[in-house]
Amino acid sequence: MAYTLEEFCRDCRAHLEEDPGPQGREQVRLDLERLLQVPEFVEEYCGPGVERGVHMLYDDPDLGFQVLAHINAKGRVSPPHDHGASWAIYGQATKYTDMTEWERLDDGSDPGRGEVREEKKYRLTPGHAGIYADGKIHSIDYPDDARFVRVTGTNLDEINRIAFNRETGTIQQMGPQIAS
């Protein structure tokens, strides 16, 4: 029997109850890779018949983590950004996403300014997932029709998150969830 979304969410809950830190999150990442290997899951939640947009697949009422499917019609390059006080795990369902991790160069004392430098770059391909700790600055670049599943530690619409404009050296608050 194939691994299901319901089993994945149950396992996430168990891992995060046992260890809400890096080890529990790594187990969630591994289970997300397992889920993305199931063709029936990918077809149902990320397949060509799924409406474009961000879809909530699960919102944990107690721990607050969320599982979202990002069904992207158009490609996008996000600016370097963080997820504030939340962690995030991106798992590729179709096509690819180029991930870039960034290092902040300034001390953060000026809330309107920030400088970053590229630290690491890699590609997520179908069935693979990457994890970003609380506050980790990253950016994503994906082509038309790329689809991924993102697990976040909380509802990102409810916390402060920032994006870095590399050309101007400024920082801005991020709006509601988009494929970022």
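**Exercise 1. Is Asp60 buried or exposed, and what does its side chain pair with?**

Solution. 
Step 1. Asp60 has a relative accessibility of 3%, so Asp60 counts as buried. The cut-off for buried is under 20%. Keep in mind that this model is predicted.
Step 2. Look for a charged partner. Side chains of opposite charge can pair when their charged atoms come close. The side chains of Asp60 and Arg13 form a salt bridge, at 2.7 Å from N to O.
Step 3. Arg13 lies in helix α1, and Asp60 lies in the loop between β1 and β2. They are 47 residues apart, and the pair links distant parts of the chain.

**Exercise 2. Which residues does the salt-bridge network join with Arg13?**

Solution. 
Step 1. Take Asp62. Its closest O atom and the N atom of Arg13 are 2.9 Å apart, in a salt bridge. Asp62 also sits in the loop between β1 and β2, 49 residues from Arg13.
Step 2. Check the surface. Asp62 has a relative accessible area of 59%, so Asp62 is exposed. The cut-off for exposed is over 50%.
Step 3. Take Glu17. Glu17 and Arg13 form a salt bridge, with the closest N and O atoms 3.4 Å apart. Both belong to helix α1; they are 4 residues apart, which means a separation of about one helical turn.
Step 4. Shared partners join Arg13, Glu17, Asp60 and Asp62 into one network. The model has 12 salt bridges by this rule.

**Exercise 3. What is the strand order of the open sheet, and why does one side of β1 and of β7 lack a neighbour?**

Solution. 
Step 1. Read off the order. The 5 strands run β1-β2-β9-β4-β7, with antiparallel pairing.
Step 2. Find the edges. β1 (53-59) and β7 (129-132) each have a single partner strand, so one side of each has no neighbour in the sheet.
Step 3. Note the turn. Neighbouring strands are turned by 20° against each other on average, direction ignored.
Step 4. Inspect one pair. β4 (residues 88-94) and β7 are joined by 4 bridges. Ala88 stands opposite Tyr132 in β7.

Note on methods. Residues numbered from 1 in each chain as written. Predicted model: local features only at pLDDT ≥ 70, side-chain atom pairs only at ≥ 80, totals over all residues. Heavy atoms only, no water. Pairing = 2+ DSSP bridges. Helix = DSSP H or I, 4+ residues; strand = E, 2+ residues; numbered from the N terminus. Axes fitted to C-alpha atoms, helices over the stretch in contact; angles between N-to-C directions. Salt bridge = Lys/Arg side-chain N within 4 Å of Asp/Glu carboxyl O. Buried < 20%, exposed > 50% of the residue type's maximum accessible area, 1.4 Å probe, protein only.
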